[in-house]
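Subject: Structure handover

Hello,

Here is the structure you asked for. My notes follow below it.

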Amino acid sequence: MTHASVAVPCRLQINGQDYAADLPPSVTLLDLLRERLDLTGTKKGCDHGQCGACTVLVDGKRVKSCLILAVSIADAAVTTIEGISQNGRLHPMQQAFIDADAFQCGYCTPGQIMSAIALLEEGHIHSHAEIREFMSGNLCRCGAYNGIIDAIERVVAQQHNNQAGAAA
């Protein structure tokens with residue numbers, strides 16, 4: 001048996017759905033999502049982990065899916081851009097990107113949004129400079145960085161307003 005024909009059992013939860021298949025060990029999470037599951041919202045940019053276009057959440061943490069072998073994250077929960085809206089309503093970060101005009105060509109936008117969602121969970125949003133630093137792994141060739149940071153700050157402000165309202 002050659003290495004090319006070896007398949008490894010892989011079980012993942014992708015956007016809340018269970019997925020199980022025997023995969024070649026060389027299949028990246030990005031290629032699994034795009035080529036086998038037709039979840040094409042996650043973009044293939046550089047395929048070297050440098051641009052961030054392929055950012056998804058794995059067990060709530062942001063990862064560059066082009067660098068992760070699918071079989072290496074067995075039993076993980078994967079969330080892609082397709083999995084963040086609820087009941088047809090955009091995720092607040094998606095809406096903020098629209099409201100802040102935080103994209104131009106849109107190619108990097110799914111990875112930017114996924115990274116921004118993780119950034120909120122990580123708690124790295126104490127200043128404009130901190131947001132810029134922690135988003136630096138996601139490149140935008142169109143230069144929409146000001147809009148992206150504005151969108152993130154809008155969601156932070158909205159969360160603070162919601163918390164203040166709940167405390168009152």
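Which residue in β2 stands opposite Pro-9? Pro-9 faces Asp-22. Strands and helices here are DSSP runs numbered from the N terminus (strands E, at least two residues; helices H or I, at least four).

This is a predicted model: local features need pLDDT of at least 70 and side-chain atom pairs count only at pLDDT 80 or more, while totals for chains, interfaces and linings use all residues. Residues are numbered from 1 along each chain as its sequence is written, and side-chain values use heavy atoms, with hydrogens and water left out.

Hairpin. β1 (residues 8–14) and β2 (residues 17–23) run antiparallel and are joined by seven bridges; strands pair if DSSP finds at least two bridges between them. Two residues lie between the strands, and Asn-15 in the turn has a positive phi of about 50 degrees.

Cores. A nonpolar core is a set of buried Ala, Val, Leu, Ile, Met, Phe, Trp, Tyr and Cys residues joined through side-chain atoms within 4.5 Å. Buried means under 20% relative accessible area, exposed over 50%, and partly exposed in between (1.4 Å probe, protein chains only). The largest core has 27 residues, of which Met-93, Ile-148 and Ile-152 touch the most other members. At least two residues come from each of α2 (92–99), α3 (109–122) and α5 (145–167), with α3 giving the largest share, seven. A second, separate core has 17 residues, including Cys-10 and Val-78.

Cysteines. The whole structure contains zero disulfides (a disulfide being a pair of cysteine sulfur atoms within 2.5 Å). For Cys-46, the nearest cysteine sulfur is that of Cys-51, 3.8 Å away.

Regards
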